[in-house]
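Here's a quick briefing to read with the structure open beside you.

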Amino acid sequence: MKTTEKRTLHPTICPYCSLGCGFFLELEEGKAVGIRYMPEHPVNEGSLCPKGNAAPDILNHPDRLKYPLLKTENGWKQLEWEEALSLAAEKLGTARKENGPNSLAFLGSAKCSNEENYLFQKIARLLGTSNVDNCARLCHASTLIGLGKTLGAGAMTNPLADLSNSDCVFVIGSNFAENHPAVARQVLRAKDKGAFVIVADPRLTPTSWLADLTLRLKPGTDVALLNGMMHVIVNEGLLDRNFVREKTEGFPGLEQALQRCCPETASRITGIPPSEIIKAARAYARAGAASIVYSMGITQHISGTDNVTACADLALLCGQVGRKGAGVLPLRGQNNVQGACDMGALAEFFPGYGKVGDAEAAGRLKTLWKTDKLPEKPGLTATEIAEAAGKGKLKALYVMGEDLVNSHADSSRVREALESLDFLVVQDIFMTDTAEYADLVLPAAAWAEKEGSFTSTERRVQWTDRALSPPGEAKPDIEILLLLAEKLGLGLPYRTAGDVLAEISGAVPSYGGMTKERLKKGFGLIWPCPDSSHPGTPVLHVGRFKTPDGKARLIPVEYQSPAEIPDPDYPFLLTTGRVVLHYNAGSMSRRSKALLEKEPGLFVEIHPSDAKAMEIGEGNRLVLETRRGKTEATARLTGKIGPGVLFMPFHFPGTNVLTGDALDREAKIPEFKVSACRIRRE
Ligand code: SF4
């Protein structure tokens with residue numbers, strides 16, 4: 001901690017996106033009064049995007065929840081903690097006793113720390129259910145599955161700074177210049193050294209301006225583009241035959257499948273000219289070191305896992321993994337989405353990705369947790385939890401730091417589902433739209449009001465100390481969970497987040513050498529860090545892959561059309577995404593005056609030719625309607641999207657009223673990126 005004349009400077013990390021940018025919080029008389037930049041931080045090198053700059057607004061906001069609240073016929077009633085936690089324990093216990101452990105479900109949070117998510121899933125599993133998940137299910141579950149089955153680890157292969165060593169950067173489904181801005185600096189450095197940058201996106205975004213080659217594909221056609229590129233690479237002999245022979249399995253099957261997707265076929269599906277598909281394939285394959293950067297533009301589809309698998313196939317075919325400047329870099333969503341998954345806040349995985357149902361993985365955990373019983377079957381995912389609640393199969397739901405009413409697809413159905421629960425408890429820092437449905441609301445501390453570790457998208461685990469006190473009687477999530485566990489009779493033996501991390505190092509092999517003391521030195525450690533003398537592993541898959549036999553898997557995937565495509569009744573294709581000034585469902589960023597002033601409400605981008613045909617002008621209010629519901633937004637006319645396509649940010653209530661809940665069959669992620677839609681002027 002540093003001090004100036006009047007103010008204390010407290011090092012911390014940004015609570016918004018997964019980059020894990022560092023900065024100093026300026027404190028005066030126990031209050032956050034500003035920020036100071038941290039030029040020495042290896043990820044952001046001092047700079048912050050508008051959200052990072054506005055982070056203190058969350059801490060000082062008058063809307064912060066300060067006391068436990070019980071819903072009564074006369075409105076919210078303030079409770080003492082003792083009363084609130086006794087009630088939560090009683091309701092969870094009754095539902096479990098009367099309807100069995102699988103009548104309970106737990107939704108963790110990629111905004112909460114590793115220790116909090118570890119504890120959360122442990123409580124769920126000690127109560128006998130694997131119905132525990134987190135919001136990664138809505139953004140990058142397809143990364144976990146797709147990279148897991150090809151490379152053996154569902155995580156970014158190389159650190160962000162290594163992008164500057166790439167000779168070719170292939171960006172697909174990511175607008176990082178707006179949404180992960182620190183990444184743009186590394187790509188610009190690569191460009192300064194002569195790198196060729198390819199950007200594949202249905203929209204022309206600020207990231208497109210970095211591109212040497214722009215591929216404007218139709219939404220949902222990524223597999224066809226990737227297969228078309230791989231077809232060229234195989235047929236022109238541009239693949240790395242030695243790498244494929246020595247380090248992969250499955251090439252004959254992939255080669256055969258790729259013959260069905262020549263550049264002309266890919267062009268018909270994607271709308272990209274064959275010559276550009278060929279150009280992209282040659283540039284990527286011929287580069288000395290090439291990276292693929294992707295984000296939710298490819299993961300939030302019913303083919304999300306296939307999209308990720310195809311990205312890994314492309315990298316493996318060309319030997320572009322496991323060395324400097326060559327890798328596959330998924331840019332994750334929330335600040336701890338990687339960590340929440342590593343900690344096992346996932347329906348199908350225990351901490352460290354042992355599969356639920358695998359006797360060996362369960363055996364290890366039973367020994368560590370000193371229990372003789374753990375769930376033997378995977379539980380319900382976040383998307384399935386909402387569905388099961390709607391069907392009356394769930395009785396009680398515990399939500400920690402997640403606004404599912406606004407973040408899940410088809411939000412009207414989510415609202416109905418929450419109403420049909422016998423008991424809903426929501427633990428959060430603000431009264432979100434989800435909390436409004438709760439029977440009991442528990443006020444939590446924000447990131448700088450507690451201690452713990454967070455894992456960024458590049459697998460960097462960083463520790464933050466508590467900088468200031470939470471407002472009113474709000475408590476750190478870990479403290480709330482420990483008090484609840486005591487009421488539930490689970491008797492968990494920790495006092496601090498450091499104690500929980502000590503257990504995590506035994507449960508999650510890649511965190512084996514991580515301690516609070518080590519994480520506090522410098523800028524954390526990059527996993528795998530298996531023992532106390534290990535320095536961490538910036539580049540994964542050097543020499544061998546994380547699969548049991550050390551070989552990666554080449555897995556062919558076929559193009560499948562989105563679940564819903566435009567038709568005469570719903571003639572527009574609606575796609576959704578982010579903007580620089582807001583974050584996720586907006587529960588935090590919409591409370592920042594600075595951010596809200598610049599981006600105050602829901603808008604929809606429409607191509608000028610469509611607007612002209614429908615006599616829509618800039619700023620007109622439009623009614624958008626899909627088969628799920630309707631909402632209103634302000635028209636923005638722009639050539640950044642193609643004719644027939646609409647774009648809306650998902651940071652405001654209303655967008656997910658429109659999106660559909662068709663799921664990727666493996667990752668169970670909804671297809672947020674494609675909905676058939678119609679519009680009219682209000
Ligand atoms: Fe950095 Fe992301 Fe925070 Fe912006 S939102 S400052 S890019 S961590």
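The largest cavity lies between domain 3 (141-331) and domain 4 (572-681), because both of them give residues to its lining. Keep in mind that this is a predicted model.

**The largest cavity**

- Its volume comes to about 330 Å³.
- There are 25 residues in the lining, and Gly-173, Asp-201, Gly-297, Thr-576 and Lys-673 are the ones nearest the centre of this cavity.
- Helix H13 (296-299) and strand S22 (572-577) each put at least two residues into the lining.
- S22 is the top contributor, giving three residues.
- Sorted by class, the lining has 13 polar residues, along with six nonpolar and six charged ones.

**The second largest cavity**

- This one holds about 200 Å³ of space.
- Its lining is made up of 19 residues, with Leu-138, Cys-139, Gln-300, Asn-584 and Phe-650 closest to the centre.
- Here the classes split into 11 nonpolar, seven polar and one charged.

- Five strands make an open, parallel sheet, and they run in the order S11-S10-S9-S13-S14.
- Which strands stand at the edges? They are S11 (213-215) and S14 (327-330); each has a single partner strand, so one side of each has no neighbour in the sheet.
- From one strand to the next, the twist averages 15 degrees.
- Strands of a sheet pair through backbone hydrogen bonds, in either a parallel or an antiparallel way.
- For a specific pair, look at S9 (residues 168-172) and S10 (residues 196-200), which are joined in the parallel sense over five bridges.
- Within that pair, Val-171 stands opposite Val-199 in S10.

**Helices on the sheet**

- Helix H8 (residues 222-235) packs on the sheet and touches S9, S10 and S11. The direction of H8 makes about 155 degrees with that of S9.
- Helix H12 (residues 274-286) also packs on the sheet, where it touches S9, S10, S11 and strand S13 (290-294). The direction of H12 makes about 125 degrees with that of S11.

Definitions and conventions
Residues are numbered from 1 along each chain as its sequence is written. This is a predicted model: local features need pLDDT of at least 70, side-chain atom pairs count only at pLDDT 80 or more; totals for chains, interfaces and linings use all residues. Side-chain values use heavy atoms; hydrogens and water are left out. Two strands pair if DSSP finds at least two bridges between them. Helices (H or I, at least four residues) and strands (E, at least two) are DSSP runs, numbered from the N terminus. Axes are lines fitted to C-alpha atoms, for helices over the stretch in contact, and angles run from 0 to 180 degrees between N-to-C directions. Contact means heavy atoms within 4.5 Å. On a 1 Å grid over the protein atoms alone, a cavity is a set of points where a 1.4 Å probe fits but cannot get out, and a pocket is an open set with protein on both sides within 12 Å along at least five of seven lines; lining residues have an atom within 4 Å of a point. Grid points are joined across faces, edges and corners, and a volume is the space filled by probe spheres set on the points. Ala, Val, Leu, Ile, Met, Phe, Trp, Tyr, Cys and Pro count as nonpolar, Asp, Glu, Lys and Arg as charged, and the others, Gly among them, as polar. Domain bounds come from an automatic or database domain assignment.
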